[in-house]
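The sequence and structure come first.

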Amino acid sequence: MGRLHLHIKNNRAGEALFRMTPARVAAALERRPDVAARVHVTIDWDADNFAASMNNAHGLLTWDLPTEGLARVAPNLKWIHIIGAGIEHLQPLDWLPRGVALVNNRGVHAAKAGEYGLMAILMLNNHMPALYDAQAASRYDPRYATPAAGKTLAVIGVGAMGGAVARQARRFGLHVIGVRRSGRRARGVHEMFGPADLDAVLARADFIVVTAPLTAETANLIDRRRLDLMKPTAGLINMSRAGLVDYAALAAKLSDGSLAGAILDVFDPEPLPPGSPYWNTPNLIATPHVSSDDAESYAPLTLDLFFDNAARHLEGRPLRNRVRPRLGY
């Protein structure tokens, strides 16, 4: 096989940490000299020269792409690497040409997500949403807490991110229960359940971390009925996608005190509009989708994964992180 043509489509909009610049690409290829000699890499912005670049490209690294007529535009394409864990913005996948694999960035987020998840658990345990509200109102309102050790964390969606949160929490002495589609055991989780047991898991938890992908099966997974199953002293953390949780119902429960607190890192739409009620919902801390993206390592780790899959393709080995279109992740 001759040299692979790998194309990288950057977006001008968005943060610099997601941009695969020539310098970052060169550094990544220095880490993989076995790949560097066997690939030709082109880098562009938005859809500039997209059709010309894709005419003979074998691999594509991108967040989004023009999908219409892709089989005609890119007749040699073998795989598309999406620089995120979620692919809901590309659904439905009926545009994906036959024989072209779709892979995602699963695993790149894990270390940062684990630390953010632990931070959020400890913040909820120490009543930080309520204390933040009191500070904003210039009100001295002592809230006392007990250590987190021995309390129960439920991780909804135990993939790379959820697993990282589970391992961090277990180190701090929390009892970790998990829910995942397969029900398979995972390191860091004391008890694992399938989706059919979600109601019982929510009722047991002191803290709930949502890290499941957004698919047709998980949309509005944590609805008003399930929010009502949670302990009034419980706290909820969403690090996945807003569409998994009924935010309007959550805000109502936070406002009336029937749920203790929440830390939300994801919203729809993003950025969160200035007039959104979630800026001022009591007992809620909102962060701007920063839970899992490492400012320094995100691009290098993404490129390492992309070039590792290039090596795998050249060697006839299976690609890492293949998305199952039927499941949506």
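## Terms and basis

A residue counts as buried when its relative accessible area is under 20%, as exposed when over 50%, and as partly exposed in between, using a 1.4 Å probe and protein chains only. The model is predicted: local features need pLDDT of at least 70 and side-chain atom pairs count only at pLDDT 80 or more, whereas totals for chains, interfaces and linings use all residues. Residues are numbered from 1 along each chain as its sequence is written, and side-chain values use heavy atoms, with hydrogens and water left out.

Helices (H or I, at least four residues) and strands (E, at least two) are DSSP runs numbered from the N terminus.

## Trp95

Trp95 lies in the loop that links β4 (79–82) with β5 (101–103). Trp95 is classed as buried because its relative accessibility is 13%. Leaving aside residues up to four places away in sequence, its contacts (heavy atoms within 4.5 Å) are Leu65, Thr67, Leu70, Ile80 and Leu90.

A polar contact is a pair of N or O atoms within 3.5 Å; within protein, one must be able to donate a hydrogen and the other to accept it, and residues adjacent in sequence count only if both atoms are side-chain atoms. The Trp95 side chain reaches two backbone oxygens: that of Leu90 at 2.9 Å and that of Pro92 at 3.4 Å.

## Strand β4 and its partners

Strand β4 is covered on both faces, with Trp79 and His81 buried on one side and Ile80 and Ile82 buried on the other. Two strands pair if DSSP finds at least two bridges between them. Strand β3 (residues 59–62) pairs with β4 in the parallel sense over four bridges, and Leu61 is opposite His81. Strands β4 and β5 also run parallel, joined by three bridges; here His81 is opposite Val103.

## The seven-stranded sheet

Seven strands form an open sheet with parallel pairing, in the order β8-β7-β6-β9-β10-β11-β12. Its edge strands, β8 (191–193) and β12 (284–286), each pair on one side only. From one strand to the next, the twist averages 15 degrees.

Three bridges connect β7 (residues 175–179) to β8 in parallel, with Val179 opposite Phe193. Helix α7 (residues 160–171) packs on the sheet and touches β6 (152–156), β7 and β9; the directions of α7 and β6 make about 170 degrees. Axes are lines fitted to C-alpha atoms, for helices over the stretch in contact, and angles run from 0 to 180 degrees between N-to-C directions.

## Thr215

Thr215 sits in the loop between β9 (207–210) and α9 (224–229). With 12% relative accessibility, Thr215 counts as buried. Beyond residues up to four places away in sequence, Thr215 touches Leu327, Gly328 and Tyr329.
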